[in-house]
Structure formats: C-alpha cells, structure tokens
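Good morning, and thank you for coming. I would like to take you through one structure, going from single residues to the whole assembly.

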Number of protein chains: 2
Amino acid sequence: MSNLTSLQWIRTEYQPRLPSILNAYLSLVPKLHPQLQSRELEASLKALFPLTQSAPIITFEKKPVQDHPKLKIGVVLSGGQAPGGHTVIAALFDAAKQFHPDSELIGFKNGPSGIVKNAFIRLDNEKIAPFRNQGGFDLLGSGRTKIETPEQFEAAYQTVKSHDLDGLVIIGGDDSNTNAAFLAEYFAKKESKTIVCGVPKTIDGDLKNDFIELSFGFDTASKVYSEIIGNLLIDAKSSAKYYFFIKIMGRSASHLALECALQTHPNLTLISEEIAKKNQNLHEVIEEIALLICQRAEEGKNYGGILIPEGIIEFIPDFKMLVNELNLILKSATSGGEEFAALAEQLKLSYLKSKLTANSFDCLLQFPAEVQKQLLLDRDPHGNVQVSKIETERLFISLVEKRLSDWRKEGKYKGAFSPQPFFCGYEGRSALPTNFDCNYCYSLGILSALIIRWKLNGYMACINNLAESASEWEILTVPLCQMIHQENREGKWKAVIQKSLVNLNDPPFLSFDQEREEWRLKDHYCTPGPIQFSGNEQIADKPPLSLLYMNEMKQLQK
Amino acid sequence: MSNLTSLQWIRTEYQPRLPSILNAYLSLVPKLHPQLQSRELEASLKALFPLTQSAPIITFEKKPVQDHPKLKIGVVLSGGQAPGGHTVIAALFDAAKQFHPDSELIGFKNGPSGIVKNAFIRLDNEKIAPFRNQGGFDLLGSGRTKIETPEQFEAAYQTVKSHDLDGLVIIGGDDSNTNAAFLAEYFAKKESKTIVCGVPKTIDGDLKNDFIELSFGFDTASKVYSEIIGNLLIDAKSSAKYYFFIKIMGRSASHLALECALQTHPNLTLISEEIAKKNQNLHEVIEEIALLICQRAEEGKNYGGILIPEGIIEFIPDFKMLVNELNLILKSATSGGEEFAALAEQLKLSYLKSKLTANSFDCLLQFPAEVQKQLLLDRDPHGNVQVSKIETERLFISLVEKRLSDWRKEGKYKGAFSPQPFFCGYEGRSALPTNFDCNYCYSLGILSALIIRWKLNGYMACINNLAESASEWEILTVPLCQMIHQENREGKWKAVIQKSLVNLNDPPFLSFDQEREEWRLKDHYCTPGPIQFSGNEQIADKPPLSLLYMNEMKQLQK
C-alpha cells in the first residue's frame, strides 16, 4: 500500500465525528426503544423466522458496565462497492479493541462466498491503517454470491463455528441484508453463539424504510456524479452546441438521479417511478425529450443536459411488456429459442409479428437495428433478454434523433442537434468517501460492535436524524426480519427486504417537481464542484439534499 | 447568476497568489530581456510579418511611474473551454481599473466571430463578480471561427477602431494565437492604436515551447480526469471483473493521457507519439493490449485500466495511410464520391480492394462493420473521413475482444473479459479551476494588462518557473511571431504556431517509461481524489507532475 497519494494519507488520519451517545459507547447497555414497537409479522413470515421473529427494537442507554468480553468478529463486504465500507471495518476493529484488547477481527474475502468457502484474512492495525476512510472494497474484495442453498447455509455455519465468532457483520444492500436475516435465523436454530448484524450499504439509496433514512455511499456517489454533471452543464452552456444525455447509475430506483437533479438543475430529468405512475410509453418519453429540445431550439438554445436513471427502461410499461413477451416467445420457441435463432434474419421480424401483441411489436419497431438485434439475440443463461446491457443513453439519443428529423421534415424543428452520451457509474462507487459518509460509516461500525457485544442476533445497525450534525444523530438497532415483506417476483412470493423506490409524494420529488419547469428553458445550472474534505463545514460536511428535504418535512410534522 | 453553489461563492472570493514581481505591477516598465534574444525569422515569415517581425523579447523592471492612462480593452475567449478563462478576464478588469479608474473592458461574444461581427458586452464588476474563478466560458461564450479572409481582418479592424480599443486580448490555443499574430500585423499595417496580446489556453497542453511551459487549464482538466481514473481503477480492483478502456480528451498530443498516467498508474497507457515513432500498426497496438489482458489473466486478474489518448488513431501509421487513401479515392470517385456512394453495399468493398493499397485494405478489414461503414460514409463538408467521430475506446474494445476470442480458441487465453468504455472529456473542460490555474490565470491577466499599458503589440503573455510556488514565478512577454514556423499541412506550407507533441526524451515520458513495467501486472493504482481548494497546500496548490519532472531536469542542468 505504498501507493497512497497525499490526499489519501490525509484521509487515513481523518477523525470521524460521532453521535454524542456513541462517545461513551463502552458504557452503553441495550434497552427497549421507548416508542417503537416491533410489528407483528404475518404468518408466512413467522414461519420463516420462528426464532428471531419477536425480537424487539432496541436502543441504548448509559449505565456503568464493569468490563467487556473479548470479541471475535467476522466481517464481509457484499455486492457493489459503496464509499465508506472500509470505514465501517476500521470502526469495528477500533471498537472491538476498545471493548477488549484481545478482540479479533477477520475479514471474509470476495463477498459472501468467502464465508461459504472460509476464505478470510486476519485484520490488524497495520492492514487496516492505509484503508481508513478510503474508497473501494479492495481490502477484502466483494462479490454477489447469495447464501441460498441448505449446503451454503451449513457451510457458513461451519465457518463461523470454526472461528468461534461472536458476531458476523454483513455490509450490504437489500439482498445481502435479506440474506443476513435468514442467516441469523439459521444460526439461532443451530444454537450458534455467532450473532448476525447487518449494515445498510448501497449507493443506489434504495435500502430505506421506517428505520433507515439512508444507506451509506449514496452521499459520496451522488456528489461525484453531481460534480461531473455540473461541469457538463456549464460546458454545454459555454460551447452552446452539445446535448448531454447523462445516464445515472442505480439498478432500479431513481434516487441518485433525483438527488443529482436537485444538486445541478439539468433541463430535464426523467424519474422512472413517475413514468411508471403516469403509464408513459416509450413513444411518449422520447416525445417529451424531443419537445424540450425543440422548444429550446426556438429560443436559440441548441444545447442542454438530460438525466436518465439507469433503471428507466424497465419502468416504461410498453417496453416492460415487450421484454416479458420476448422472454416467453424466445424461451418457448423449441428448446430455448433455437428455432427462432435458426430463422433467416429477414424472417425474424415477421415471425415476431405473428407472436407479439401489436403494442409490443410497435415498440420493437421503434428501436434501431442494433438494439433490435441485441434484444433478440443477447440472452442471459436463463434465456432472458439482457435489459441491463442496453445503453439507454445511446438508445434514447438515437430515438430522439429520429423524432427530431421527422419534425424537421414537417418544419416543426429547425435546430441543430449534437448529442453526447455520458454514463455516471463506476467512478462513483469507489470514490474517497465524503466526511458525511466517513462519519456515518464509523458510527455504523461502532454500533455494529455494540450489537455484537450485547449479542443482539439478526439486527440492523441504524443511525438516524442524519440531516442534523453528527453529534445529533440517533442510534437504533432493528430486527432484520422487521424489514422483510413478501414480494411477488416473477409469479413467486419471496420474503425480501423491499427496494425503496422514489416516493412521488415525498419532499425530494415534490421540490424537484416544483422547480423543474423553470429549469427546462432557462439555464439554472448548478455546479457543486469537487467534494471538499476541509474548509467551510457547510460545504465539507453537508448531507444530501434529499435528506435535508425529508428532514424539513419531519420538522414540520412535529 | 443566483445559481452559484456555496463552493462557487467561496471560489469567487479566492485571492489568487501572484509572482512577487507582479505585486507592484503599477510600477513596472518594460525592458529588454537580459538573456533572450529574438530569433531572426526566415525570409518567408519576414514577408508575412514585415512590421512585427523584429520585436524584442521583453520583461519588466520596477521603476517609479508617474501615472497611467485610461485603458480600453477588448477580450475574447477562443476555441474549446479551459478552466481559468474567467479568471484571466477578472484580472484584466482589476488591473485595467488599477491603472486608471475610468478604464473599460468589453468582452466579445462567442469567440472571434464576436470581433468580426462586433458582438460584445460591457464588463463591469457586477457582471464579472460571480464568474471569478469559475469554470466554463459562459460569461462570453466561445467559438472556433478563425479570422482568415481579408474581409474578416478588415471587419475586425473596424470593430476595434469603433471601440477605440487600446488592446485586444485573445485567450486561445495554437490556432487562435497564430491568428492573433496576424491580427497584430494587420492592425500595425493599419496604424491602429489597438495592440493585440495572446494568452496561452488549452487543456490539451500542446501550446508549449521555449517560452511557454504550460497552457492554462491543463492542470484542472488533468486533475478532474485523474480523480475519475483513480476511482475507476480502485473500482476495477474491488470488483475484480471489469477492464476500463478510458479515452482521454486531447485533439492530437498525448500530454493529458501521460499526466493522468503519472497520477494514477493504470496498467497500460498508450502514447500516440510513441506509437508513431515505433511505427506500430493497428494490429500491433491491439496485440499489445490483448497481451496485457492475457498476462494478467494468467495471474488471475481479469480486471484493469487502460488509457487511450483521444488523438491516437491518427498516429497509427497504417490507419493514417488508410484515411489518406480513402480521402483521395472517395473524393475522386466522380464528383465527390457519388459514384462510390451509388455502388451497392456488397460491391463497395471490392471496389475499394481495387483502389486501396494492400496494407490499407487489410487495415480496413480489421474494423467491425459499423466502423467500416462510418469510415466510408460519414464525411465532412470537404469530403474527408471524420476520424474524430470514431469512438476509439469502443473500437479498441471490439478489436481486442476479437483477438482474445481467437487466442481463446488457440488455448492461449483463458480469462474472462468484461470491458467498459469511458471517455474523460467534456467534464474536464469547464470544471472549477484549481488554485494553480487560478493563480496562473490571474497572473496572466495582469501581465496582459501590462502588455497593453505599454503598447507591446503582437505579444504573448508568458509566465514561467511554474513548478515553484507562485511567488517565484517569472514573467516574460514574447512576440507571437517568434513562435511561428512554417508547417506543411496537406501539401501546403502554412505559418503557424506548432502544436507541441509529447517529447519521448523529456522527463515526463522517461519517468513513465521507467515505471510502467511495474504497473502492468501489479496493481499500483493511485487515487488522487477530488480537487481540494483549501487545507494542506502541498495538495491544494500542487502543479501537474509533468511540470515538476521538467523542472527537476532544468534544476539538474543548471
């Protein structure tokens, strides 16, 4: 690790700020949360969580504690990278050592598969030091394996048993924390001493519920993207000749796109959840973009910026229908679509015309040839169309281009259209975490250590009131199964922590909705600039705007 | 301008640091530079610059000056955006007002065409204040019009005459400053009172010569890109499954790619100038990338990062030859390639086979169908192939994919290849300028005002010793025609300021060359992180590494 840059070294020495109550965490003991009661689970869930279903929501209070046991903790980074993961690990380590100097921390490698395969490294101060407050998940690696089969559960149990772990901390998103809930139940059934604790991670911001205001990583990623978007918008305005079509990472929810819109004021931001609600079809979505470009051209503005959430395509009703139909047709055409694949190119479309509904066929015809080809041929191992491989920003450009050229022929559009695609993605997942994410993650790590110290099995570390300064943050530990609901996935009911989508009645969207008309034709572009780690605290420590707006509403409700 | 973010407001108040000698710029008077003599221009250039050819290189010395005249100055932003342009304008304004409170500054709109058309705005403190130290060129807009025809020269003259300008400051790159030299000569011929002064701008870093160490904007752009690249590399290492093919903006020279490589240590960085020197053909370049991927796969590493300079394709000898031949063939095929265009698709290739040299035809065959099509059909108004529209990062991915799949069949490659294209481009051109660029640009602006105050026509503002702290910087004003040479462009001699390419014998490349072997298989990735404006000065004020390495050499030579 001799490759740290000067700024990285400085960040390793950053002292995260904690909620006041955590300043004396060695003297905290669990107590029932005074106001919040666990919900009574529905019968189907009770059956899945016989042992952990009735755990209460717990907070902590200060009491003299004589001494603390030695703790042996395992930790794993699960799923996509999010800035702050290393800080959680550093805090876990520091707290475990504070509880008892002989405490130990091991890290499982490359995600949950490391637990199953017992692939791990022992973490000590020397190993952790250069990763303090660094981006990436490269201390341990990450992975997307789920622990699902009985064999995997048993292997995981054998691993934690072999290490005699007091606790296993799973740093992950909705899927990983669903997994954590089942693991906690399994360990309880095995009468294992190992308790399981979840930490809410994901830049997408979709792990959010009554108990979780925000997952870590969202703040940093949204700021990295907003820096770039702000720059692109100013560039668009300066050269006055490009339209930037900017796709924002986020598997399904549009939280990141919405936050970036609030930060930078592009001319148009599509919100997937709104499109689904309005039941806008692809034709209408493209029309909306083309109309903006047309109206701006009338004002002499042939430039601008448009934000597109990565997950949008699956929210557009007719496209969704098309994909569903294609999946059925291509799978059913004799043994996995081979009959279809064997058809001569020119026969494929007429074959599909006979099989698809008229709406879906129309939708398919809108696409450029390459995308049609990709939809029909690139399929995943289960035979499904690979929607995620479609580069939406480029697809939209080509559809808008076509619409504008039609309008040009009709004399409706006279502008010049030079589009530039951009994808705000991977560069935000592994960035140096902001002060906010460092403070948040360090607090989450300490809270996780407390959860293990007090043997609270199957709990999620939750920190709230995040819109206020760190000292005002509140801590809470909530049973993971409290966050689980039955969800219909492709016709089957599955018990999962649901992804939280953008709520169109919540302040972040309402505030966007109120302002967006102004942003269309006028250039109200904002440049948040690069993330600052020192200097003015109003800038360096500022939480996401979505969080501030949610908080304003809560304050009003009080 | 009510949309400034908190960070932008803070930046408007940033106090740029000046070279010591400029602290008392009101008491500076010109003197001949003690060591540097102007070169004697060759006869062909003398003929172009009869009036300005013999101007001396000038510096300044402190002497009591009684008082200063009122100055009326025009300023224009020319060509692509570069961070710092607004700071030059602010400094010009401040200095003009210091010379005389009744001085005036007007800004020509949308580049040199604003001079020709006399489109301008009057700049006052209120207008300038929110743009101090901001990115973009949106205060005035920019443009790429060149002033070339006799009518344009005359119109420009009429414009400066109508405003009774003492000076015209042209903030631009090599082309714009070549233009400035001719404009200075033209104004001199007209016995105009307006002197012309150039300011070296371009993120590409290719406006560099014996008198200019670095153009402004390069520092900020390279840092914006390095932040992103550092993040992508850490992301690659963390998820261990992607290869990022990162194209770096820069019309022809590879300075930006080289600086970013020094900052971030990707596994492979292609340097166009080296490829040209080694006479590597496209096949070999692709082989070099594929080999890296193959070797890393053998070590279990199916991830990495590869930097590709935007201009690379025109440096690859066989591709360059192909483009030249295509241009000739497609232009000559009866009146502008119509004969060719009229050929049926399947006949086009055999037509070309009969016309192209074997080498060029082989080169063409390597490309995927879309790129072939683009090469043959997308032509600019002069009938030339539009090389700049080729997305090199995507082209290289598809060529490497093909090579790896061949090797896989031969059993030579067993890895997994998931490539991700990325383009570091527009987001760096309009970013908030670094402290370095703010200090540099403010100094350039003041020096420009001095040049005008002392009526030094046809001079470039040059500030050097930039690797040292700002107080140590040295100022110099050099006749623009001293930088002009005859260059053969498509068979015609043209008097231009030459683009400076990466010199393979200079310390930045040598240092890269020494280290790059280490970076190939090991992951020596560096994360410079986001630009910091305050805090540790070693970080916030650090100049580009290329500059530091050049300076080390100069120190040794002394």
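Let me begin with a single residue. D164(B) sits in the loop between α6 (150-162) and β6 (167-172) of chain B. Its backbone deserves a remark: the phi angle of D164(B) is positive, about 55°, although the residue is not a glycine. Please bear in mind throughout that this is a predicted model.

N279(A), which is not a glycine, has a positive phi near 55°. N279(A) belongs to the loop between α10 and α11 of chain A. Is N279(A) buried or exposed? With a relative accessible area of 52%, N279(A) is exposed, because the class begins over 50%.

I turn now to chain A as a whole. Chain A contains 22 helices and 15 strands. The radius of gyration of chain A is 25 Å, close to the 24 Å given by the globule rule for 558 residues, so chain A is as compact as a globular protein of that length. Along the principal axes, the C-alpha atoms of chain A fill a box of roughly 85 × 60 × 50 Å. Of the 558 residues in chain A, 63% are buried. Among contacts in chain A with a separation of 6 or more, 78% are between residues 24 or more positions apart.

Next, the salt bridges. How many salt bridges does a search of the whole structure find? Over all chains, the search finds 50. I shall discuss three of those within chain A.

K146(A) lies in the loop between α5 (125-128) and α6 (150-162) of chain A, and D175(A) in helix α7 (residues 174-189), so the pair ties together parts that are 29 residues apart in sequence. K146(A) is partly exposed, with a relative accessible area of 32%. D175(A) is also partly exposed, at 22% relative accessibility.

Another pair is R516(A) and E274(A), whose side chains meet in a salt bridge at 2.6 Å, N to O. Because R516(A) is in helix α20 (residues 507-521) of chain A and E274(A) is in helix α10 (residues 272-278) of chain A, this pair ties together parts that are 242 residues apart in sequence. Are R516(A) and E274(A) buried or exposed? Both R516(A) and E274(A) are buried. These two residues also take part in a network of salt bridges, in which E274(A), K278(A), D513(A) and R516(A) are linked.

My remaining example is R296(A) with D523(A), a salt bridge of 2.9 Å, N to O. This pair links distant parts of the chain, with R296(A) in helix α11 (residues 282-298) of chain A and D523(A) in the loop between α20 and α21 (537-540) of chain A, 227 residues apart. Both R296(A) and D523(A) are buried.

Finally, let us look at where the two chains meet. The size of an interface is often given as the accessible area lost when the parts come together. Here, chain A and chain B bury about 4,300 Å² between them, with 53% of that area on carbon and sulfur atoms. In chain A, the residues that lose the most area to chain B are N3(A), S238(A) and Y426(A), together 14% of what that side buries. The contact takes 54 residues from chain A and 54 residues from chain B.

What joins the two sides in polar terms? Between chain A and chain B there are four salt bridges. D235(B) forms a salt bridge with R429(A), and the closest N and O atoms of that pair are 2.8 Å apart. The count of residue pairs in polar contact between chain A and chain B is 22, with both residues at pLDDT 80 or more.

Which elements of chain A supply at least two residues each to the side that touches chain B? They are α1 (6-12), α8 (218-239), β11 (419-424) and α18 (426-429). Of the contributors to that side, α8(A) gives the most, with 10 residues. By type, the residues on the side of chain A that touches chain B divide into 21 nonpolar, 22 polar and 11 charged.

Thank you for your attention.

Technical notes
Residues numbered from 1 in each chain as written. Chains lettered and ligands numbered in written order. Predicted model: local features only at pLDDT ≥ 70, side-chain atom pairs only at ≥ 80, totals over all residues. Heavy atoms only, no water. Contact = heavy atoms within 4.5 Å. Buried area = accessible area lost by both parts, 1.4 Å probe. Polar contact = N/O pair within 3.5 Å; in protein donor to acceptor, adjacent residues only side chain to side chain. Helix = DSSP H or I, 4+ residues; strand = E, 2+ residues; numbered from the N terminus. Nonpolar A, V, L, I, M, F, W, Y, C, P; charged D, E, K, R; others polar. Buried < 20%, exposed > 50% of the residue type's maximum accessible area, 1.4 Å probe, protein only. Rg over C-alpha atoms; globule rule 2.2 N^0.38 Å.
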